[in-house]
Amino acid sequence: MDKLVITGGTPLKGEVNISGAKNAAVAIIPATLLIDGVCTIENIPNISDIKISCNILEKLGAKIHWNDKNTITIDSRNITSTKAPLDMTRKFRASYYLIGALLGRCHDVEVGLPGGCNLGPRPIDQHIKGFELLGANVEVSQGKISAKAKKLTGNSIYMDVVSVGATINIMLSAVLAKGTTTIDNAAKEPHVVDVANFLNTMGADIRGAGTDIIKINGVERLHGDATYSVVPDQIEAGTFMLAAVASRGDITIKNCITKHLDCVTAKILEVGAHVEAIDGDTLRVWCNKRPSKAIIKTLPYPGFPTDLQPQIGVVLSTAKGTSIINESIWESRFQYTAELNKMGANITAQGKSAVFEGVDKLTGAPVYSTDLRAGAALIIAGIIADGKTEVYNLEHIDRGYENIEEKFRNLGAHIERVTE
Ligand code: EPZ
């Protein structure tokens, strides 16, 4: 079992390069199943969710070649199976994109119900509603989901909740359908736009991604024979921005899209730290005094992202005064607060709200990462705490952050991965 051992107390200083977006890449890889050609994808984050995704595609008959550690070429012309291995699909959430992609391409699919971070109930009713409105029969039984259709025909689909996964999955299933599909109340996250841009580069006709109405005009085939570069990871960039504030450091964040980070910038300025956009893809974030309290509510994009809630929770745990976070997306995203309390924080979490009584400092302790972003938050907590922190359950962190300890080490953190 690996753990991270962190000796805290060093303000983070220097430059960090942001990797490609996990939540775009985990959709783009299954999306290649729709392509009747070969495509190359650059700026793929080298993380475990991507490796599992590629392994599943290979089991389905796709040929994958890693050109370097962040670039892959995928040839999905000769798919030999529409049944994804259940033990593999259960390992991560984004396996649900295999449903939209294989349904769109082969009109037939069987996938294990998706796994992923335990953030409370994670229904997929909106995905299923979309597939059915396009003409599929969907069945969920014995831990599997299967969908079949004689043909898929475009339709108007209204999303009852704003869902990243359902919006992307419906785009995948509709891209080769006959006629036009509209998704109303669509998610607007940068990764939704990136998947639409990828599909359009490969020959799709998707309009309006990034607004709440997406229109998909079905095309005969996606030709491939093109190269696409994944958008920089908004959440990884936000994680380092908040690490700069928490550690009272000074970090230049390179290869990010500054516009995607406006929601984080606004809160960083509110707590009294500084953000300077150096150009469209570089930000400097620094903090030279104790942050002040804030009130945060997580919301779909362009609101404050739930995937940065634990990281800003670390900032607020040592801020001056009493802060409140309301989590509006997931039922159980405050599990990390119990770990921060082991480090001397004073946080009371109940249901979807938490009250942070800011303390002067955190102190090192053994802590357990309960999900991916909780893990990132605990690393930041270890970096700002007095003494030694050990972070366990690294498999969560490795699912979504490329070279995280190396990136923090380059910023001056004392952090080592140790195998016990
Ligand atoms: C995506 O999950 C991300 N995962 C999550 O990131 C992220 O927290 C979430 O979007 C919200 O931004 C991936 O992209 C792989 P949703 P997803 O469908 O698509 C409800 C991380 O740390 N809902 O947008 O599964 C749902 O319960 C991960 O990187 C339904 O009710 O989330 C939630 O309250 C964790 N029915 C809300 O919508 C549905 O059919 C948003 O969920 C679908 C969702």
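Pro-302 sits in the loop between β17 (295-297) and α10 (309-317). The peptide bond that leads from Tyr-301 to Pro-302 is cis, and its omega is near 10 degrees. Helices (H or I, at least four residues) and strands (E, at least two) are DSSP runs, numbered from the N terminus. Another loop, between α4 and β6 (108-112), holds His-107. His-107 is not a glycine, yet its phi is positive, at about 60 degrees.

Before we go on, a word on the model: it is predicted, so local features need pLDDT of at least 70 and side-chain atom pairs count only at pLDDT 80 or more, while totals for chains, interfaces and linings use all residues. Residues are numbered from 1 along each chain as its sequence is written, and side-chain values use heavy atoms, with hydrogens and water left out.

Now to the ligand. Which residues come nearest to the ligand? Of the 24 residues around it, they are Gln-126, Ser-163, Asp-307, Ile-329 and Arg-373. A residue is near a molecule if one of its heavy atoms lies within 4 Å of it. The shell divides into 11 nonpolar, 6 polar and 7 charged residues. Here Ala, Val, Leu, Ile, Met, Phe, Trp, Tyr, Cys and Pro count as nonpolar, Asp, Glu, Lys and Arg as charged, and the others, Gly among them, as polar.

Helices α1 (22-31), α5 (125-133), α6 (164-174) and α12 (372-384) each supply at least two residues of this shell. Helix α5 gives the most, with 3 residues.

| Residue | Part of the residue | Distance to a ligand oxygen atom |
|---|---|---|
| Asn-23 | polar side-chain atom | 3.2 Å |
| Trp-330 | side-chain N or O atom | 3.0 Å |
| Gln-126 | backbone N or O atom | 2.7 Å |

Taken alone, the ligand exposes 820 Å², and the protein buries 90% of that. These areas come from the Shrake-Rupley method with a 1.4 Å probe.

The ligand takes up the space of the largest pocket. On a 1 Å grid over the protein atoms alone, a pocket is an open set of points with protein on both sides within 12 Å along at least five of seven lines, and lining residues have an atom within 4 Å of a point. A molecule sits in a pocket if more than half of its atoms lie within 2 Å of its grid points.

UniProt, in an unreviewed entry, places a "binding site" at Arg-93, Arg-122, Pro-123, Ile-124, Asp-125, Gln-126, Asp-307 and Ile-329. Of these, the lining of the largest pocket includes Arg-93, Arg-122, Pro-123, Asp-125, Gln-126, Asp-307 and Ile-329. Such annotations may be inferred rather than shown by experiment.

Methods: A polar contact is a pair of N or O atoms within 3.5 Å; within protein, one must be able to donate a hydrogen and the other to accept it, and residues adjacent in sequence count only if both atoms are side-chain atoms. On a 1 Å grid over the protein atoms alone, a cavity is a set of points where a 1.4 Å probe fits but cannot get out, and a pocket is an open set with protein on both sides within 12 Å along at least five of seven lines; lining residues have an atom within 4 Å of a point.
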